[in-house]
Amino acid sequence: MKILKITTLSAFLLFVSTSFAQTETIVGVAVGNENFTTLVTAVKAADLVETLSSEGPFTVFAPVNSAFEALPAGTVESLLEPESKSALAGLLTYHVVAGKYMASDVVKAIKDNKGSFPVKTVQGGTIILSLKGDKVMLKDEKGNMATVVIADVAASNGVIHAIDTVVMPK
């Protein structure tokens, strides 16, 4: 009977660890998703692959390809130039928050804070989170708005929330 319990417990723990463990980092998840090809190119150009592959945890508000395409003509190409590496890194880290915040955590924080919740980014700036209907919105320091279009994309070192607009620091 004891052997059965240990075997059953071992099987259960193996099931839990393999069922719920996410092995891909934020970068690995983004690389494997066709909606983030521009973001991945930018992360590589800014030398942020190692940082966003580190232990974290991080919450990344990740612009989808169409968000980058909506920027003024030439912006992305200019940011990808070697001399723009620092500016690109600043822009990208403005989309990253230290800690892992699932959508339910974000919605609760917004509601608990009377409709808006400021978050400090890794870059040092602030993004204001709010709700519009059932959608989480981000307001950047320039007053631009972005909508979370896909929430809770799990990674081993955090979570990704895809957004429809590139948010801009001051």
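1. Residues are numbered from 1 along each chain as its sequence is written. In this predicted model, local features need pLDDT of at least 70 and side-chain atom pairs count only at pLDDT 80 or more, while totals for chains, interfaces and linings use all residues, and side-chain values use heavy atoms, with hydrogens and water left out.

2. The protein has 8 helices and 7 strands, where helices (H or I, at least four residues) and strands (E, at least two) are DSSP runs numbered from the N terminus. Of its 170 residues, 39% count as buried, a word that here means under 20% relative accessible area, with exposed meaning over 50% and partly exposed in between (1.4 Å probe, protein chains only).

3. The structure holds 2 cavities of 30 Å³ or more. On a 1 Å grid over the protein atoms alone, a cavity is a set of points where a 1.4 Å probe fits but cannot get out, and lining residues have an atom within 4 Å of a point; grid points are joined across faces, edges and corners, and a volume is the space filled by probe spheres set on the points.

4. The largest cavity, with about 140 Å³ of space, is lined by 16 residues, of which I26, L39, V43, L52 and V60 lie nearest its centre. Two or more lining residues come from each of α2 (26–31), α3, β1 (58–63) and α7 (85–93).

5. Leaving aside neighbours within four places in sequence, V43 is in contact (heavy atoms within 4.5 Å) with L48, V49, L52 and L92. The C-alpha atoms of V43 and A89, 46 residues apart along the chain, are separated by 7.7 Å.

6. In helix α8 (residues 103–112), the buried residues are V106, A109 and I110. They are on the same side of α8 because they cover an arc of only 100° around the axis, the arc being that of the directions from the helix axis to the C-beta atoms. On the other side of α8, S104, K108, K111 and D112 are exposed, and the cover over the buried residues includes β3 (116–120), β4 (126–132) and β5 (135–139).

Conventions
1 Å grid on protein atoms, 1.4 Å probe; cavity = no way out; pocket = protein on both sides within 12 Å on 5 of 7 lines; lining within 4 Å.
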